[in-house]
Amino acid sequence: MTDEPPAITARELTKAFDGEPVVDGIDLTVEQGSVYGFLGPNGAGKTTTMRMLTTLTAPTSGDAAILDTSITDRDGVRSHVGYLPEEPPVFDELTGREQLRYFAQLRDLPPEPTADRIETWLDRFDLTDDADRRLDDYSKGMRQKIGLIQALLHEPEVVFLDEPTSGLDPRAARTVINAINALTDNGQTVFLSTHILSVVEELADSVGVLYEGELVAEGAPDELTAAAEAGADSTLEDVFLSVTTESSTATTAVADSNDGEVAGEPDAAATER
Ligand SMILES: Nc1ncnc2c1ncn2[C@@H]1O[C@H](COP(=O)(O)OP(=O)(O)OP(=O)(O)O)[C@@H](O)[C@H]1O
């Protein structure tokens, strides 16, 4: 389509702890302006993958790039990415507003537009009235919102979100989902890890399922569900369950990245990775 680089590429990306790979040679390509839903059971290696892609931990082997900037270039990658980890890094003794201003300073963001932007985000997430309360008085959901604003404040091209709706009430979760949609409208890319499959179904342009450190299925949500055993009635949950059981092998429906189609019958669609 264009010669823009992908937002994210990973080649044979591997991380081992004590010689045991927890992320085992994954290959990924995420196009700019898309939402990539990253699924997998607890302990599959999702957070470790995101930590590698955001330069918080170095791979044992393999390589990855954000917009053509290798993850070995920490400062280069940091300027392109925002990251909301499962536990947002905030200082309990600061107020919500102070935390965001402090983060803006750390990022060397220009004070004036940033101050306005902070107020806009606080308002959007219904936090204006609580912005001068200390973070140790915040609920989990409120801290989550501050963490999310922090990940978005510098308007990064690529945003990594680990369970962004965790702890949020339905209204706040809807605000986050709408905010994710607005990001992609703005050309930003979202790499979204969540266990809430309805969020992935609603938002993701493509989905990858990680199981025991390997990418066992990948494709557009409708392609994955079409290739699942239950056929037309399949849901992402069916796909998730079928590719993440002990008995499943790492041979599952994977969309052909060239033509976006899953070939043939469900069983025949199985592709070795
Ligand atoms: N620093 C570490 N040292 C040793 N093992 C680690 C370390 N960090 C993660 N692991 C192990 O790597 C595996 C993958 O963990 P990871 O947090 O990436 O999984 P996850 O898919 O994000 O899980 P969850 O959905 O529960 O958040 C787990 O077995 C975990 O115990």
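So, the shell around the ligand: helix α1, residues 46-53, gives the most to it, with 3 residues. By helix I mean a DSSP run of H or I with at least four residues, and a strand is a run of E with at least two, both numbered from the N terminus. The residues around the ligand include Phe17, Val22, Lys46, Thr47 and Thr48.

Quick word on the model. It's a predicted one, where local features need pLDDT of at least 70, side-chain atom pairs count only at pLDDT 80 or more, and totals for chains, interfaces and linings use all residues. Residues are numbered from 1 along each chain as its sequence is written.

Zooming out, the protein chain has 9 helices and 12 strands. Of its 273 residues, 42% are buried, meaning 20 or more other C-beta atoms, placed from the backbone, lie within 10 Å of a residue's own.

Now the core. The largest nonpolar core has 67 residues, and Ile8, Leu53, Ile66, Phe191, Leu192 and Val209 touch the most other members. Such a core is a set of buried Ala, Val, Leu, Ile, Met, Phe, Trp, Tyr and Cys residues joined through C-beta atoms within 7 Å. Helix α5, residues 140-152, gives the most to this core, with 6 residues.

How is α5 placed? Well, 10 of its 13 residues are buried, so α5 is largely enclosed by the rest of the structure. Met142, Ile146 and Leu148 are among those buried ones. The buried residues of α5 pack against elements including β6 (81-84) and α3 (96-106).

Methods
A residue is near a molecule or strand if its C-beta atom, placed from the backbone, lies within 6 Å of it. A residue is buried if 20 or more other C-beta atoms lie within 10 Å of its own, exposed if 12 or fewer, and partly exposed in between; C-beta atoms are placed from the backbone. Two residues are in contact if their C-beta atoms, placed from the backbone, lie within 7 Å.
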